[in-house]
2 protein chains.
Amino acid sequence: MINKQILLVSRPKGEAATANFRLVEAPVPDVPDGHVLVRHHYLSLDPYMRGRMNDAKSYAPPQPLDAVMIGGTVGEVVTSKHPNFTAGDAVAGMGGWQEFSLVDGNAKGVLRKVDTSRIPLSAYLGAVGMPGVTAWYGLMKICQPKADQTIAVSAASGAVGSAVGQLAKAQGCRAVGIAGGHEKCAYVVNDLGFDACIDYKMHKDAKALYLALKEATPNGVDGHFENVGGAVLDAVLARMNAFGRIALCGMISGYDGTPIPLSQPQLILQSRLMLQGFIVSEHMEVWPQAMAELGGLVAAGTLKYRESVAQGIESAPEAFLGLLKGKNFGKQLVKLI
Amino acid sequence: MINKQILLVSRPKGEAATANFRLVEAPVPDVPDGHVLVRHHYLSLDPYMRGRMNDAKSYAPPQPLDAVMIGGTVGEVVTSKHPNFTAGDAVAGMGGWQEFSLVDGNAKGVLRKVDTSRIPLSAYLGAVGMPGVTAWYGLMKICQPKADQTIAVSAASGAVGSAVGQLAKAQGCRAVGIAGGHEKCAYVVNDLGFDACIDYKMHKDAKALYLALKEATPNGVDGHFENVGGAVLDAVLARMNAFGRIALCGMISGYDGTPIPLSQPQLILQSRLMLQGFIVSEHMEVWPQAMAELGGLVAAGTLKYRESVAQGIESAPEAFLGLLKGKNFGKQLVKLI
């Protein structure tokens, strides 16, 4: 049997491109004692992968060249030589951009059995996976929403942002999204139940965004979940209420890779704001509670999500580049079976 | 008897100037029942007063025109018609830029009796007053220093900064100051016991400051107390360790009053930093604990401070403008008797 894999073979200079990746075929590995062979049903594509493609000092080591790209996966155990797993088990892990992966069954927290009786398998890569827990952590632990407060979130139609707004609504808050394009904004308000959504493509600079935000947030903004940075963060910062709290989850940079400055940092002092950057994988202690709550909401149908599904491992690079440009609509997946 | 007062008579356009103030003479007021007449011994001059001179939306209402400038004062009760106070009591309050003030003895927290048996009266405007509590709150509650961590502080020879570094040393930390000029830096290291101090006048941009800071902080910076902003904050941000904590207490703006951007806000995410702006007067609940600790340290001689004392109410405007330019050295006071 053949295991199709996608390797990172070069680092981007500026924008990432399909030429940075290469599709290769390897034999499906034999299964040593204590190990488990997993066939992936879905591969998760996530913005953090772009950072790993660079050879730069950051919070995580870079993705090695000529190795299978890292990534979250869900699938099914094909062969188990470990007592904790049985062929047929549904599992979530970090199998990478390939069709099969071999996992050491003794490695802690690497492969988790998941319950697909009430929750679709793919949701463990989205609303009940890393993006969902990211939303939960940033909102509940950093923004700490209280009833009747206003919570803003950028990239509001994405896997993280859509969960942030719905969790905020569940806390009795006004939820205001910022997203790119009329279709995404309509989805955020009509399907996900946000109170308002601002199309940033209609408001190109921070000043225009601020005015649109002012209209959508008559009582100001108490908590903000930032997935984007740049002009969006500048605009929201100017609309924050005293003692507002901002969770920093994603920050883009300018065209040539230079950072985009924050225009008015004095607002952090003037409005006595709290900003905190975070990476959800450093807060594993909250996963059980977050996963239980998110799973319950998804099973009950009150936490909705949308998926963009590309077909076949060959489509992963193109789908990933599209994700970086906001072409996806909801959680970007690659279906491998 | 005459009460000399200084009024704000116009708002600055750009830099503040002596023409914004006017010295007037008024009769010392009669003392109604329930009131207390205080003769001020010292007036405190503080950077926050500059913000109050503007007619701009901020966390505090602007100083009204043609009224006595606000300000902290310490002095002695001259006449008391309130049972809680007796002539001769040493008191601290917010008497403003004038020689006498009439205080309603029933107003909560406006006038406090202070103990001058172990602590000099003027210290209640500095190390055991608002600047000291500001240092204590930002360091202990926001930076939350732990032994062997490195704490940085800008405006390190000032009333707030000098206390931050000494309190950090008392927590077992490495304390690194940033100050303007060789004399101030020598004082910070030799007299106050900081481990190092960087003269920002020798390192004019953020890059040069960063390199000097790198040398002074071989293990990076874990907590930072920011009194200045601009290039100093840019430099320190780049030197922060993962999970570092920054207390934002003061932020300057550019020459023409426009805000100075933060160059690399993505570092907040990359290093998972926490930034928090604060104003100490909004945290009155910590004052008893902070004042007790600060008072104990001053009485024991382990919390040192320095004062710049101008003589006479007439000198207040000039001394205040000097403070804004960093001409003072330590806590700026005006002696009124």
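Reader: Which are the buried residues of α2(B)?
Author: They are B:Met130, B:Pro131, B:Gly132, B:Val133, B:Thr134, B:Ala135, B:Trp136, B:Tyr137, B:Gly138, B:Leu139, B:Ile142 and B:Cys143. A residue is buried if 20 or more other C-beta atoms lie within 10 Å of its own, exposed if 12 or fewer, and partly exposed in between, with C-beta atoms placed from the backbone. Helices (H or I, at least four residues) and strands (E, at least two) are DSSP runs, numbered from the N terminus.

Reader: And the model itself, where do the numbers come from?
Author: The model is predicted: local features need pLDDT of at least 70, side-chain atom pairs count only at pLDDT 80 or more, and totals for chains, interfaces and linings use all residues. Residues are numbered from 1 along each chain as its sequence is written, while chains are lettered from A and ligands numbered from 1 in the order in which they are written.

Reader: Back to α2(B). How many residues does the helix have?
Author: It has 14, residues 130-143. First C-alpha to last, α2(B) reaches 18 Å, close to the 20 Å expected at 1.5 Å a residue. The expected span is 1.5 Å times one less than the number of residues.

Reader: What comes just after α2(B)?
Author: B:Gln144, with a positive phi of about 50°.

Reader: New topic. What rotation superposes chain A on chain B?
Author: One of 180°, with 0.0 Å of shift along its axis and an RMSD of 0.1 Å. The two copies are thus related as by a two-fold rotation axis.

Reader: How many residues does the contact take from each chain?
Author: Chain A gives 26 and chain B gives 27. In chain A, β13 (240-248), α7 (266-270) and β14 (274-277) each supply at least two residues of the side that touches chain B. Two residues are in contact if their C-beta atoms, placed from the backbone, lie within 7 Å.

Reader: Why do the copies meet through the same surface?
Author: Because 100% of the interface residues of chain A are also interface residues in chain B.

Reader: How do β14(A) and β14(B) run?
Author: Antiparallel, joined by 3 bridges. A:Leu275 has B:Leu275 as its bridge partner. Strands pair if DSSP finds at least two bridges between them.

Reader: Which strands does it pair with?
Author: β7(A), residues 100-104, is one partner, antiparallel over 5 bridges. There A:Val36 stands opposite A:Val103. β5(A), residues 73-80, is antiparallel to β3(A) too, with 7 bridges. A:Leu43 has A:Thr73 as its bridge partner there. β16(A), residues 331-335, also runs antiparallel to β3(A), with 3 bridges. A:Tyr42 stands opposite A:Lys335 in that strand.

Reader: What does A:Val334 touch?
Author: Its contacts include A:Tyr42, A:Leu43 and A:Ala316, not counting residues up to four places away in sequence.

Reader: Last one. A:Phe225: buried or exposed?
Author: Buried, because 32 other C-beta atoms lie within 10 Å. A:Phe225 is found in β12(A), residues 221-226. A:Phe225 and A:Cys143 are 82 residues apart in sequence, yet 7.5 Å apart in space, C-alpha to C-alpha.

Methods: Least-squares fit on C-alpha atoms with pLDDT ≥ 70 in both.
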